[in-house]
Amino acid sequence: MNPRLAEATSPYLRAHAGNPVAWFPWGEEAFAEARRRDVPVMVSIGYSTCHWCHVMARESFEDETTAAELDAGFVSIKVDREEHPEVDAAYMAAASAFSPSLGWPLTVFATPDGRPFYAGTYFPPQPHAGIPAFRQVLAAVHEAWTERRDQIDETADAVAGALAEVRESAPATPATTPSADDLAGAARALAAREDPRHGGFGDPASSAPKFPVATALRFLQTRVVRERAAGASVVADRALAAMAASPLRDPVEGGFFRYATRPDWTVPHYERMLTDNAQLLDVAMDAEPSRDDVARGIAGFLRDVLQQPGGGFGAAQDSESWIDGARSEGGYYARDAAGRTDLQSPAVDGKVVSGWNGLAIGSLARAGARRDEASWIEAARWAADAVLEVNVTADGRLLRASLDEMPSRAHATLADHGQLAAGLLALAVATGEVAYATRARELVDACVGADGRVAVPGGGDPVLSRQGIGAPDAASDADEPSGAASVAEAAAALWALGAGDRYLSIAERLVAAHAPSALAQPLAYGALLRVAARLAEPPRQIVVVTDDPRAALATAARSIRADVVSIVSPEQARSWAESGFELFAEKASRGGRPTAYDCRDFACRLPVTDVAELGA
């Protein structure tokens, strides 16, 4: 058993601890060993619910002969892409120089100083369909390293130079954020990419995998798009309805699978991800008509399957499980409820990722408040408390992840800060507890330098930084909101809660910086466009002050689609105001009765105590 991996804070690394390969985890120690031995580094990147990662592990990394060749000629590093997303992004960008077909497992060969010189994805044990066998690749790389080192150095220098050019080419910043008309146009362009036959985005005749793209669906559901491009907004509703009626959704335990391999949403890839389901819960809540059945299924999956004993949400559930003594991909999910009773369920990656938990905390808090589901809000609170206790160092620095309440050494990303902050703000509004909002404000403040620039606190991954290697500074979304979009979302939410105009400026600068790319490629920038839509119109904020959260006035307020709907006690209102959130200043109950304040762009109407006086 390899102690370096057995003690890791990643289920993916722990699963490889029994391999005959002398794996190192990501860190300076591995590169120092490669320099000492003067051998190249083989970096293998994957994640615990990746089917082809499991396949390559069984075929190659568990093979004694292959392991011996790796140990003799290389230093081997195993990386969990979910624990080290910056490492994955940097090497994925480098791999694009060698292959147009990228994915996981990602296999990268680098010099001892970290410069990539060759890369690929899955390599089979025997040559197949033009793909060389993994051992053939090892032999070729070893021969090049020992006989043609100068060519390797030239390739590594070229790749490093290309990556540096990408990082340094920043887009020009326009003077303003997109207008409502700009956003309506982007929504129509996005809607034009709808699959008219099966829903969602893509060509119905294509054989490419089909993803939910929740970030884009959420943009189409914004108030600006609903009002100014109604024909585009219904694309999101149709997509959700199609996915919910398809094999992409698990009808037994709730939740959606990662993607479908066919355009009609059939033959799913059966892993179930926290990122997808957290965002699709919001999509279900904002659908017209609202899909309560879908929302309840997702909330049940998050709480019953992914939530860990310590409170945080695990990263994903595997696609594979053991059935009749053999590994089966999707076999568990093909059974009905009765058929699953005697089966061992697929493993859950219990890694608690800070930002991804922020997505789930936010969606459960919002849905729980609107549906008056206290258990959903409590699940969000439990996760928030767990992340703030375990994934934060003694000096207040946020970490990327933890496992079994043991913190990872991986640095938190910009997206971790923004996603967690946004989730904490939603929880603060749902519970009335300002402490979550003040912690969210601290997370956003940590990302803003004295010059106003937004960057990950403390810089990026220290190993990559020392090597001069980094990932492109992308603001586009993958399966989650980008760092720029998530910090902008949190800043906009702080501003709407009355934390000050400086947070509006932060959100506007981030959106404006990437607006040209977002308007030109709306499918790739849904999260940023959603923030832009929030900034395009004056906010509506409703505060109800009452000691009875189930009072008729509070219930009526929850049904209103406003930017902020906060139900607070008089004491909580004072705490918010004293903590610097001006929206709550001078908000009190009148004559001891529940009192609602309906504010438009921070200008509040006269307080009302009668439900009939509260506008829709």
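Q: What should be kept in mind about the model and its numbering?
A: The model is predicted, so local features need pLDDT of at least 70 and side-chain atom pairs count only at pLDDT 80 or more, while totals for chains, interfaces and linings use all residues. Residues are numbered from 1 along each chain as its sequence is written, and side-chain values use heavy atoms, with hydrogens and water left out.

Q: How many cavities of 30 Å³ or more are there?
A: The count comes to one, with a volume of about 100 Å³ for the largest cavity. A cavity here is a set of points, on a 1 Å grid over the protein atoms alone, where a 1.4 Å probe fits but cannot get out; lining residues have an atom within 4 Å of a point. Grid points are joined across faces, edges and corners, and the volume is the space filled by probe spheres set on the points.

Q: Which residues are closest to its centre?
A: Of the 15 residues lining the largest cavity, the closest to its centre are Arg218, Gly358, Leu359, Arg366 and Glu489.

Q: Which element gives the largest share of that lining?
A: Helix 16 does, with five residues. The elements giving two or more residues are helix 13 (274-286), helix 16 (354-371) and helix 18 (414-431). Helices (H or I, at least four residues) and strands (E, at least two) are DSSP runs, numbered from the N terminus.

Q: Moving to helix 5, which of its residues are buried?
A: In helix 5 (residues 64-73), the buried residues are Thr66, Ala67, Leu70 and Gly73. Buried means under 20% relative accessible area, exposed over 50%, and partly exposed in between (1.4 Å probe, protein chains only).

Q: Why are they said to be on the same side of helix 5?
A: Because they cover an arc of only 155 degrees around the axis, the arc being that of the directions from the helix axis to the C-beta atoms. On the other side of helix 5, Glu64 and Ala72 are exposed.

Q: What covers the buried residues?
A: The cover of the buried residues of helix 5 includes helix 3 (28-37), strand 2 (41-46), helix 4 (51-61), strand 3 (75-80) and helix 7 (134-147).

Q: Where is Ser48, and what is in contact with Ser48?
A: Ser48 lies in the loop between strand 2 and helix 4, and counts as buried because its relative accessibility is 12%. Leaving aside neighbours within four places in sequence, Ser48 is in contact (heavy atoms within 4.5 Å) with Tyr12, His54, Asp318 and Asp349.

Q: Which polar contact joins side chains there?
A: The side chains of Ser48 and Asp349 are joined by a polar contact of 2.6 Å. Such a contact is a pair of N or O atoms within 3.5 Å; within protein, one must be able to donate a hydrogen and the other to accept it, and residues adjacent in sequence count only if both atoms are side-chain atoms.

Q: Which peptide bonds are cis?
A: Among them are the bond from Trp104 to Pro105, with omega near 5 degrees, and the bond from Glu288 to Pro289, with omega near 0 degrees. Most residues other than glycine have a negative phi, and most peptide bonds are trans.

Q: And what is the phi of Glu586?
A: Glu586 has a positive phi of about 60 degrees although it is not a glycine. Glu586 is exposed, with a relative accessible area of 78%.

Key: On a 1 Å grid over the protein atoms alone, a cavity is a set of points where a 1.4 Å probe fits but cannot get out, and a pocket is an open set with protein on both sides within 12 Å along at least five of seven lines; lining residues have an atom within 4 Å of a point.
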